[in-house]
Structure formats: C-alpha cells, structure tokens
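Student: I would like to learn how to read a ligand shell and some backbone features. Please take them in turn.

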Amino acid sequence: MSTTLRAGIIGAGSIAQEAHITAFRSVPDVELVALCDVNKERVTEIATERGIPQTYTDYKRMLKKADLDLVVVATPNALHARMTIDALKAGAHVLCEKPMALTYRDAMAMIDTSQKMLRSLTVGFCLRHSPDAIAAKQKCVSGDLGQVYYCKASLLRRSGIPGYGSWFTNKDMSGGGAMMDIGCHVTDLSLYLMGHPKPVAVSATTYANFGPKAIGLGTWGADHAEPPARCDVDDLATAFIRFEDGLVMTVEASWAGHGTDGMRIQIFGTEGGIELNPKLFGADAPLRWFTRRESELAEEPIDLPPSAGNIYDLQAQAWVSAIRSGAAPLVLPEQAAMVSQITEALYKSAESGKEVQIR
Ligand SMILES: NC(=O)c1ccc[n+]([C@@H]2O[C@H](COP(=O)([O-])OP(=O)(O)OC[C@H]3O[C@@H](n4cnc5c(N)ncnc54)[C@H](O)[C@@H]3O)[C@@H](O)[C@H]2O)c1
C-alpha cells in the first residue's frame, strides 16, 4: 500500500457534503481523488466547489479507473451491499454508511467479501466517537454496573422526516423509515455499551401517522418532492428485544411524533446504571451514574473526556489509522451486521404482529 491513500466517495448527497468530504481531508496522507453520483449536475458542482479532481456518474467506472485504496459508500441504503462488495472486490477498503444493509444475509455477504479480499470493512456508526459514548463505554467495561439486565433506548424526532418523496421514504430503496434510518444508531450504541449480547427474539410495532399525510417533514436529504409523493415507511417504531441470559432492550425511533426531540440510552445493572443524553442532541448533563451507597440513593454526573473533534473526522481518522496499523476498526462489520439482523427481524415482527425469533 502506498503511503498516500487514494480515497473516493460514492454518493455526493447530504452526508458526503456535510461530513465525509471534510472528514477524509482531515486524515493525514489521504487524498480525496474521486466523487461519484448518478446526478451529474450535483457531482460536478460539489467536486468543483470542494476541489475533487475526478468525477463519475457510474461507480463501477470509478472503481475501475480511479485506483482507490479507500471507498466511502454514501448512497441510499438499498445500494450499500452491492456497492460495498464491488468496491472490496476492486481492492479498496470500505467505509459503508449506516445501516450496513437491508438484510442480515447481505451484511454477511459484505463481511465474507472483505475477508476474502483481505480488506477492511467498517460501518458509519459515528456516534461511538462522541465523548459521551467514550465515557459511557469506559463505565460499562469497568464492571461498576454489575450484571446488566435492561436497556431502554430512544432516538426521537418531532418533525424530521428526511427527503420526503426521495429514496428515504421509498421502502424499496430505504428498507424502512425511522427505525432503519436513526433507530440503527441508537441500537448500535446500546449494543456496543452492553458488549454485544446475542439477540434471540424481537417484537415490534411501527406507525406511519405523519409521512403519508406529508406532515412532520424535515430538511435533511439532497432530494425532496412536492406532496403528494411516495411515503410508505414508518415514522415511529417501537420494539422489545430479547437477548441471551434474560437481558432485554426496548428501542424507539421516530422521525415525527407529538413529543420531545432527543436521544437517550439508559442501561440498568444490578449495582448501578447509566443514563446517556448525548451532547450532540443538546443535553446539559450528557452522562449520569445511578447507584446506592450505604443504602442511600446516589446519582452523579460522569466526567467526559475533552472532545477530540468532529465525530465524522474522528471516524475517518480512526479507521485509516486502524488500516495502517493492521488493527480492527472500532465498528466491526459483525457488530453492524447484528444491527441489521435485529432491524430485519423488527420489521418482520411489525408486519406479522408476532414475535420473531433470531437464530
Ligand atoms: N452516519 C450518519 O450520521 C448519517 C447521516 C445521514 C445519512 N447517513 C447515511 O448516508 C447514506 C446517504 O444519505 P444522505 O443523507 O447523504 O442521502 P442523500 O439523498 O442526501 O444523498 C444520496 C446521494 O446518493 C446518490 N445516488 C443514488 N443512487 C446512486 C448510484 N447508483 N450511484 C451513485 N450515487 C447515487 C443520490 O443522487 C444522492 O446524491 C444513507 O445510507 C444514510 O443512511 C448517515
């Protein structure tokens, strides 16, 4: 591998513009050489504005011509698996945006290709790089919580349906709405904090009370349509997940709903519990510790490490540094695949009205 790594991004939409272009520029000895998008006008405009030398409208052509060491897949969810597999087969390491894939099977095929090609594969669960998540993880691995038996997690938006009428609200392209899009972030972070217990069953319900009426719309996303447009995904989902050894987690996600915006993860152990209200979502006391001391209730804030920077920059820097040193990425693809496995079971449960077993 040459000292300077050549990077390319597939998808020149919102997350590439807001995060990945700057993030990969922040990594020493990485050159962002190529950008690809099916929207020719968009890719030309963004590449010109941001000084990216090569543009493509066909990602396969980019993989063939641009001689890339690193590829970021930042396209609609349904395209993640195919594009990641093709990029790995072309010899690149891949950071695939979340959610990893629409199905567990596709996620495992991505892992299989990365192993065969001896290339690094990671997934954009960037929240793990925030100071509150780092401090929460340290507390969870300290053993202070005792036996963890319950986790309650939510990521709720009051009015934030992204890309109305675009791939976001088209089930074939997104695989789902709020739970697929943002529920996967809070599910991943909860699993990470709990040390990835093995899921065994999921029971879930989904609702679509806003999107189909074209209300509760947000501003995120490169493409938006005027109503009426296709919107056949959930705008609120809630689930009950059972893990081995009796551990249980509830997870809720909304794009729209009559309630407060925010993210929260509570983890309950036999000796203590933590409550994480990430700073990113505007909370004043991002991380708190609950326990009992000499039979008195005790509650205190947990100090956070100083912020080392923007989470997307940290994600890119940590991943490239892992590649250079031959280490595993912070977000192991098997861990991201577990989120896809749960999410797939969750939507099956919501559709059937029954608990779905995970084997
Ligand atoms: N990690 C995070 O915090 C985070 C935040 C937002 C979005 N995302 C993820 O990033 C991905 C992209 O989301 P976004 O918000 O940028 O969406 P977006 O709609 O703004 O951008 C997607 C882009 O992909 C392009 N595209 C579609 N098909 C393509 C193809 N075949 N080849 C090349 N380009 C193609 C579209 O033209 C568009 O420009 C999604 O998977 C989303 O879940 C992650």
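Tutor: The shell around the ligand draws at least three residues from each of domain 1 (5-127 + 312-329) and domain 2 (128-307 + 340-357); these bounds come from an automatic or database domain assignment. The model is predicted: local features need pLDDT of at least 70, side-chain atom pairs count only at pLDDT 80 or more, and totals for chains, interfaces and linings use all residues. Residues are numbered from 1 along each chain as its sequence is written.

Student: How many residues surround the ligand, and which are the closest?

Tutor: A residue is near a molecule if its C-beta atom, placed from the backbone, lies within 6 Å of it. Here 28 residues surround the ligand, and Gly11, Gly13, Ser14, Glu97 and Ala222 are the closest.

Student: What is phi of glutamate 294, and is glutamate 294 buried or exposed?

Tutor: Phi of glutamate 294 is near 45°, a positive value in a residue other than glycine. A residue is buried if 20 or more other C-beta atoms, placed from the backbone, lie within 10 Å of its own, exposed if 12 or fewer, and partly exposed in between. Glutamate 294 has 5 such atoms within 10 Å, so it is exposed.
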